[in-house]
Amino acid sequence: MKLEETRRSKSQATSLDSNRFDFVAPIPSLEGELCNMIPHNPINASLLHKFCRYKTVDGLQVLHKLASREGSSARIFKAIADPPTTSLQRLKGLTTGGLPTFIDVGNSFGAPAILEDNLISQLVQNGKQVVMMGDDTWLQLFPHHFNVSFPFPSFNVKDLHTVDDGCTRNLFPSLYDEDWDVLIAHFLGVDHAGHIFGVNSIPMIEKLEQYNFIIEASSSSLTFIAYSENSREGGETKRLGNGSFAI
């Protein structure tokens with residue numbers, strides 16, 4: 001079976017942890033105006049230097065291009081997440097449709113399996129083969145639901161690469177595999193880069209460039225999901241829960 005034929009009969013959900021809305025849907029005109037001010041206005045230079053040097057706000061150009069292409073069915077939505085915004089609460093919200101609760105924060109290091117009705121259980125009950133790779137929180141919440149799983153440890157916030165490299169290593173071979181109906185890939189590097197280095201940093205740019213390549217290489221998939229978590233944002237608390245949801 002050819003890759004394009006495989007993709008048409010399958011669904012891929014890719015989660016990019018802490019993916020802010022302005023990473024996906026930038027405002028090019030504002031960015032251009034601000035950056036053009038620096039050479040001509042020394043007063044503003046110090047304030048705008050970081051913004052124009054890194055320009056991480058348009059880090060995921062590939063999604064914006066996909067949604068802007070004429071005749072494209074791709075759409076980008078702004079998702080505002082209620083606190084708490086750790087992985088466990090976000091995954092419970094995404095899969096059950098329920099609201100996050102602060103009492104769940106205490107379970108983050110040993111989350112119990114989800115017993116209430118949820119999307120993953122419904123897929124399994126309807127005979128769908130589900131594959132998971134990435135953040136091992138999925139396996140804590142759904143320990144017996146996946147036909148194949150590639151979990152990687154997610155709590156070392158200084159580790160930007162183990163989860164992402166593991167996802168990449170297993171994602172592309174799986175796209176050619178016929179033994180699944182739904183594939184979940186959960187990348188974590190942007191979240192960790194935000195915590196350790198901040199948004200305006202070289203590690204953040206490198207992570208976003210990596211995601212651009214991954215999304216573009218698998219953009220024929222049916223579904224793409226990205227959500228925002230509690231990445232350190234230099235005091236920009238209003239953007240903390242502003243995630244993106246693209247289909």
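Trainee: Which residue stands opposite Phe150 in E4?

Mentor: Met133 stands opposite Phe150. Residues are numbered from 1 along each chain as its sequence is written, and side-chain values use heavy atoms, with hydrogens and water left out. This is a predicted model, in which local features need pLDDT of at least 70 and side-chain atom pairs count only at pLDDT 80 or more, while totals for chains, interfaces and linings use all residues.

Trainee: Which strands pair with E5, and over how many bridges?

Mentor: E1 pairs with E5 in the parallel sense over six bridges, with Ser11 opposite Val182 in E5. E3 is joined to E5 by five bridges, and these two strands are also parallel. There, Met132 has Ile184 of E5 as its bridge partner.

Trainee: What is the order of the strands in the sheet, and which are the edge strands?

Mentor: The open sheet is formed by four strands in the order E1-E5-E3-E4, with parallel pairing. Its edge strands are E1 (11–16) and E4 (148–152), each of which pairs on one side only. From one strand to the next, the twist averages 5°. Such angles run from 0 to 180 degrees between N-to-C directions, with axes as lines fitted to C-alpha atoms (for helices, over the stretch in contact).

Trainee: Why is strand E5 described as largely enclosed by the rest of the structure?

Mentor: Buried means under 20% relative accessible area, exposed means over 50%, and partly exposed lies in between (1.4 Å probe, protein chains only). In E5 (residues 182–187), six of the six residues are buried, so the strand is largely enclosed. Val182, Ile184 and His186 point one way, and Leu183, Ala185 and Phe187 the other, all of them buried. In a regular strand, side chains alternate between the two faces of the sheet.

Trainee: How many aromatic pairs are there, and why is the pair of Phe142 and Phe146 edge-to-face?

Mentor: Rings of Phe, Tyr and Trp (its six-membered ring) pair if their centres lie within 6.5 Å; planes under 30 degrees apart count as stacked, over 60 as edge-to-face and the rest as tilted. The count comes to four aromatic pairs. The centres of Phe142 and Phe146 are 6.4 Å apart and their planes stand at 75°, so this pair is edge-to-face. Both Phe142 and Phe146 are buried. Together with Trp138, they form one aromatic cluster.

Trainee: What makes the pair of Phe172 and Phe213 tilted?

Mentor: Phe172 and Phe213 lie 6.3 Å centre to centre, with 50° between the planes; that angle falls in neither the stacked nor the edge-to-face range, so the pair is tilted. The pair links distant parts of the chain, since Phe172 is in helix H9 and Phe213 in helix H11 (residues 202–217), 41 residues apart.

Trainee: Why do Phe172 and Phe213 fall into the classes they do?

Mentor: Phe172 has a relative accessible area of 21%, so it is partly exposed. Phe213 reaches 55%, so it counts as exposed.

Trainee: Why does Lys65 count as exposed?

Mentor: Lys65, found in helix H5 (residues 61–68), has 57% relative accessibility and therefore counts as exposed. Its C-alpha atom is separated by 9.7 Å from that of Ala25, 40 residues apart along the chain.

Terms used
Two strands pair if DSSP finds at least two bridges between them.
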